[in-house]
Amino acid sequence: MVDIASLTEIIVSYVAIYFILTVALNIKAGLTGIPDFGHAMFFAIGGIVVANLAARIAAAFVASQIGVSPGEAAHLVIADNTATMVKVNAALATRPILDVMLIIFSLVAALILGGLLGWLASYPALRLRGDYLAIMLLTASEGLRILLMYTKPVMGATPTVGLTTPQLFKFADNPGLWSTVFVALLAVIVFIYAERFHNSPSGRLFRAVRDDEESAEAVGKDIAKVRRDSMIIGSALAAVAGVAYSFSPWIAGSSIAAQSIFDRVQWTFFPWALMILGGMGSNKGISIATIIVGASIIGPINIYKNDIAEALHVTRFGFDTGSFANALQLILIALLILLVLFFRPKGIIPEPPSYTLKPKELREMVKKVVERRPTEEVAGGSS
């Protein structure tokens with residue numbers, strides 16, 4: 001029997017996380033034209049912040065409750081991860097103020113580290129264009145994944161199993177609901193920021209560079225600075241999506257593994273697909289696409305893909321049930337992309353124009369100009 005409440009929370013969590021991640025990509029690719037195919041590495045930074053830095057800090061704060069010194073507790077988070085985090089999470093259940101502090105720390109640290117990594121990645125973006133830049137960022141993402149996977153102080157001795165994350169909502173009666181509200185609130189804040197940024201002078205400048213770099217440079221704009229700022233902002237927001245993912249027991253499952261947080265399909269391909277579906281440069285289009293795909297494909301199929309494959313009797317057609325179930329999301333999203341591109345090539349909601357003035361103020365200004373013109377024409381004619 002389907003638990004509607006749990007399914008709803010899972011879908012909302014997926015939608016919120018993918019919306020934040022896709023908006024982050026949209027700032028780089030949609031507004032500035034940087035083909036970031038290494039988006040997963042910035043998302044992974046948020047996961048590492050929670051499972052490593054925040055976990056060490058949490059262990060140090062509750063060290064007295066688990067019977068060790070703060071330094072030893074922080075060390076045991078990596079050296080004896082599972083047993084230590086079980087004790088830490090039990091202690092966190094009675095420390096709601098510490099929970100709030102860890103949430104704030106994780107978000108700030110993710111913004112800083114994600115932005116720093118974006119700044120480092122921006123240097124190739126200043127010199128490369130098109131396919132060369134896309135391949136370079138994809139290669140950098142894979143290189144960082146391999147490096148961190150086998151770096152014990154970062155991902156532990158068993159990176160494929162991963163690190164247990166702090167469970168920061170255990171003080172509540174319903175931790176899953178609180179985590180869902182948290183990621184949904186983050187998504188709302190990111191949407192408001194992205195919409196304001198789209199209509200800001202910086203947003204217009206980003207699009208001007210995307211549309212015609214030579215013209216923007218001809219009027220004195222610093223193209224290198226624009227591309228660097230785009231990488232920093234988009235990468236920092238992608239790291240925030242990684243934090244939201246790590247805090248969600250529905251999605252992350254209370255642990256972070258190198259293979260899961262660096263997954264190219266989940267955290268690079270899906271955001272690109274959602275941005276294309278919604279409309280490149282369109283935050284509203286991305287929100288609609290994320291809701292549609294998250295509620296109909298990403299969320300439910302992640303849960304029921306094996307049941308769906310069995311119900312379709314795919315073995316009769318020569319398909320392996322497990323392989324078909326794993327490919328089902330990709331098949332459906334690919335079909336959806338083809339349909340949208342055929343009927344709406346610019347996406348569900350194409351990129352809107354930006355206004356220096358609010359629409360109401362702009363209409364009033366135009367009305368005044370129209371009302372003034374007949375008077376000016378009469379005065380000109382009488383003279």
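Visitor: Which residues gather in a patch of negative charge on the surface?

Guide: The model is a predicted one. In it, the negative patch on the surface is made up of Asp212, Glu214, Glu217 and Asp222. Asp and Glu count as negative.

Visitor: Why is glutamate 214 called exposed?

Guide: Exposed means over 50% relative accessible area. Glutamate 214 has 66%, so the word applies. This residue is found in helix α11, residues 213–218.

Visitor: Why is threonine 32 called buried?

Guide: Its relative accessible area is 2%. Buried means under 20%, so threonine 32 qualifies. Threonine 32 lies in the loop between α1 (4–31) and α2 (39–61).

Visitor: What makes the pairing of threonine 32 and serine 230 a polar contact?

Guide: The limit for a pair of N or O atoms is 3.5 Å. The side chains of threonine 32 and serine 230 are joined at 2.8 Å, so the distance is within that limit. The side chain of threonine 32 also has a polar atom 2.9 Å from the backbone oxygen of isoleucine 27.

Visitor: Which helix gives the most to the nonpolar patch?

Guide: Helix α6, residues 96–127, does, with 10 residues. The patch is on the surface and has about 940 Å² of accessible area together; its members include Leu53, Phe105, Ile112 and Trp119.

Visitor: How do you know that isoleucine 112 is exposed?

Guide: Isoleucine 112, in helix α6, has a relative accessible area of 55%. The cut-off is over 50%, therefore isoleucine 112 counts as exposed.

Definitions and conventions. Residues are numbered from 1 along each chain as its sequence is written. This is a predicted model: local features need pLDDT of at least 70, side-chain atom pairs count only at pLDDT 80 or more; totals for chains, interfaces and linings use all residues. Side-chain values use heavy atoms; hydrogens and water are left out. Patches are made of residues with over 30% relative accessible area and no salt bridge: like charges are joined within 9 Å, nonpolar side chains (Val, Leu, Ile, Met, Phe, Trp, Tyr) within 5 Å. Accessible areas come from the Shrake-Rupley method with a 1.4 Å probe; for residues, only the protein chains shown count as cover. A salt bridge is a side-chain nitrogen of Lys or Arg within 4 Å of a carboxyl oxygen of Asp or Glu. The place of a charge is taken as NZ of Lys, CZ of Arg, CG of Asp or CD of Glu. Helices (H or I, at least four residues) and strands (E, at least two) are DSSP runs, numbered from the N terminus. Buried means under 20% relative accessible area, exposed over 50%, partly exposed in between (1.4 Å probe, protein chains only). A polar contact is a pair of N or O atoms within 3.5 Å; within protein, one must be able to donate a hydrogen and the other to accept it, and residues adjacent in sequence count only if both atoms are side-chain atoms.
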